[in-house]
Amino acid sequence: IFDLASVPEVGCVVPDVPDAAPDAEAQQATVSAVRERDCFNWGYDPFHYTAPEGSYATAPDDAAARAREVRAMVMALHAAGLRVGMDVVYNHTFASGQDARSVLDRIVPGYYHRLDAEGRVARSTCCENTATEHAMMAKLMIESAAAWARHYRIDSFRFDLMGHQPRAAMERLQRAVDAAAGRHVPLLGEGWDFGEIANGARFVQASQRGLPGSGIATFSDRARDALRGGGCCDGGAALVEGRGLLSGLAEAPAGPPVPATASADSVARARRAALLRAADLARIGLAGTLRDYAMVGADGARRPLAAFDYAGQPAGYAAQPGEVVNYVENHDNLTLFDLLALRLPRDVPREQRARAQLLGVATVAFSQGIAYLHAGVEILRSKSLDRDSFDSGDWFNRIDWTLGANGFGRGLPPRHRNAADWPWMRPALADPRIAPTPAEIRWTRDASLDLLRIRASSTLFRLRTAADVRARLRFRNVGPTQDPAVLVGHLDGAGYAGARFREVLYLVNVAADARAVTIPEDAGKPWALHPVHRAPDAADRTAREARVDAAAGRFTIPARTAVVFVLDAR
């Protein structure tokens with residue numbers, strides 16, 4: 001909500017998008033023709049960091065009105081019982097040099113931006129990188145954030161590409177915003193490690209590996225990739241073939257097609273190896289990506305999460321649960337629904353697609369650390385397969401709060417970001433079996449709310465310290481003989497404030513068929529379904545079909561279902 005460079009504050013254009021086929025090019029062509037003059041942009045293009053954006057104001061030319069209206073908005077949200085987090089982008093500016101929309105470089109040329117060896121402004125963020133390692137740029141960032149906390153009562157901050165900033169500067173910022181607010185202000189951000197500062201080339205970064213012990217949280221991609229499949233930025237055939245636990249890995253061969261000469265045994269081994277690896281990464285996410293938490297891996301060895309591999313990095317990196325943000329989709333890249341539209345077999349019914357989506361919400365709800373749910377994940381939100389919708393207008397970004405449709409099939413996504421992938425996108429958009437009806441959208445909304453009620457019902461889903469997680473969380477169904485399609489976590493609530501239950505057992509079955517697992521440690525206990533599952537108005541009636549043979553410790557979980565059993569409700 002700070003001042004943006006790319007959205008006209010007055011006189012913006014609203015495109016008249018034609019009614020065309022779900023896989024047509026006409027919609028995106030109309031939107032793209034005015035994308036630099038329309039009324040929409042995510043706003044990752046800072047102009048003035050500490051001034052409110054005028055396009056959101058009722059009187060853009062009245063500076064005082066901007067300030068009053070932001071304060072009134074925050075006050076109203078607080079009155080409604082909500083806290084307000086602000087997305088901030090101090091890692092770059094929209095322009096540099098003598099550009100009309102350059103600010104800092106026109107004050108002190110060559111100082112506020114990070115330069116490469118040839119003296120050019122570095123652009124690894126796709127914009128003009130700021131040099132927050134320089135004293136005055138760090139001071140600007142810190143004092144700007146403190147001003148938002150002090151004058152606008154912002155409750156928390158989410159930092160875009162935070163790994164491009166020094167840890168030391170972020171720790172000073174933490175102290176400054178806490179002092180400005182008179183309380184602790186949570187900080188979280190993207191701790192990705194890339195560009196000219198990667199691997200600590202210029203300073204200790206505010207990245208995943210650089211922040212443990214700081215109390216500042218970063219988004220974890222470990223479980224995200226295991227659940228969705230592939231990586232953040234897949235293109236081409238990988239959009240379809242990069243399957244994960246939610247997108248059919250348990251039923252389909254892992255990765256690209258295997259050679260025709262491969263034996264059935266080798267294909268089966270490759271599939272199981274991929275499943276086992278994905279299950280381990282999913283459990284790492286459920287354990288809050290804590291570096292010192294130890295668990296049994298697929299090979300049967302017990303070791304700390306930092307000793308598990310993730311793309312050549314330690315899979316576990318956080319020192320405390322509050323230093324990790326668990327998620328399955330965010331504003332950038334494809335939504336979960338869109339990924340599932342591409343990766344699940346086309347003949348998977350709408351109801352089962354909704355169940356696969358719900359499992360993504362369940363893993364976030366059951367994970368230790370900060371639970372982060374992107375707007376619309378609970379209503380099957382689609383952007384019609386747009387992978388980067390920052391300037392794709394309301395047509396591709398709109399959320400239908402009437403729950404009449406989810407946005408799938410609004411046409412091919414904009415050419416300038418997606419054209420190379422259109423050959424893989426067209427068949428999915430044209431398939432009438434994929435788009436949900438209002439019934440699936442409302443069911444997913446209601447079932448997601450039930451999962452949040454389960455998370456809120458016990459502090460065991462929100463353990464406060466790494467020591468608590470080490471002492472109270474144990475994974476079942478692990479090791480080389482496991483069924484990797486079923487994730488099982490046990491939480492010990494004995495003597496823990498707010499636990500409500502003496503023990504909690506959650507099970508997530510990602511397979512397309514019912515699965516049964518035997519857990520000797522939990523045999524002989526009077527397990528009962530969680531009260532939310534048993535409630536008359538519970539949305540997911542299938543969860544009630546889960547069965548337990550208490551004497552044998554055998555749990556049977558329906559296809560694509562997440563269920564929680566408890567002991568001693570108090």
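**Exercise 1.** Are D421 and R387 buried or exposed? Determine also how their side chains interact.

Solution. The model is a predicted one. D421 is buried, and R387 is buried as well. Their side chains form a salt bridge, with 2.9 Å from N to O. D421 belongs to the loop between α11 (415-418) and α12 (422-430), and R387 to the loop between β14 (370-371) and α10 (393-397), so the pair ties together parts 34 residues apart in sequence.

**Exercise 2.** Classify the accessibility of each partner in the salt bridge of D431 with R433 and in that of D513 with R515.

Solution. Buried requires a relative accessible area under 20%, and exposed requires over 50%.
- D431, at 10%, is buried.
- R433, at 42%, is partly exposed.
- D513, at 38%, is partly exposed.
- R515, at 21%, is partly exposed.

The closest N and O atoms of D431 and R433 are 2.8 Å apart; for D513 and R515, the N to O value is 2.8 Å.

**Exercise 3.** Describe the packing of helix α9 (residues 350-366) against helix α13 (residues 438-457).

Solution. The angle between α9 and α13 is about 20°, and their axes lie 10 Å apart. Angles under 35 degrees count as roughly parallel, and α9 and α13 are therefore roughly parallel to each other. The crossing of α9 past α13 is right-handed. Contacting residues include L358, V361 and F366 in α9 and W443, L451 and I454 in α13. By class, this contact of α9 with α13 comprises 11 nonpolar, 3 polar and 5 charged residues.

Note on methods: Residues are numbered from 1 along each chain as its sequence is written. This is a predicted model: local features need pLDDT of at least 70, side-chain atom pairs count only at pLDDT 80 or more; totals for chains, interfaces and linings use all residues. Side-chain values use heavy atoms; hydrogens and water are left out. Axes are lines fitted to C-alpha atoms, for helices over the stretch in contact, and angles run from 0 to 180 degrees between N-to-C directions. Helices (H or I, at least four residues) and strands (E, at least two) are DSSP runs, numbered from the N terminus. Angles under 35 degrees count as roughly parallel, over 145 as roughly antiparallel, 65 to 115 as roughly perpendicular and the rest as oblique. A crossing is left-handed if the near helix is turned anticlockwise from the far one by less than a right angle, and right-handed if clockwise. Contact means heavy atoms within 4.5 Å. Ala, Val, Leu, Ile, Met, Phe, Trp, Tyr, Cys and Pro count as nonpolar, Asp, Glu, Lys and Arg as charged, and the others, Gly among them, as polar. A salt bridge is a side-chain nitrogen of Lys or Arg within 4 Å of a carboxyl oxygen of Asp or Glu. Buried means under 20% relative accessible area, exposed over 50%, partly exposed in between (1.4 Å probe, protein chains only).
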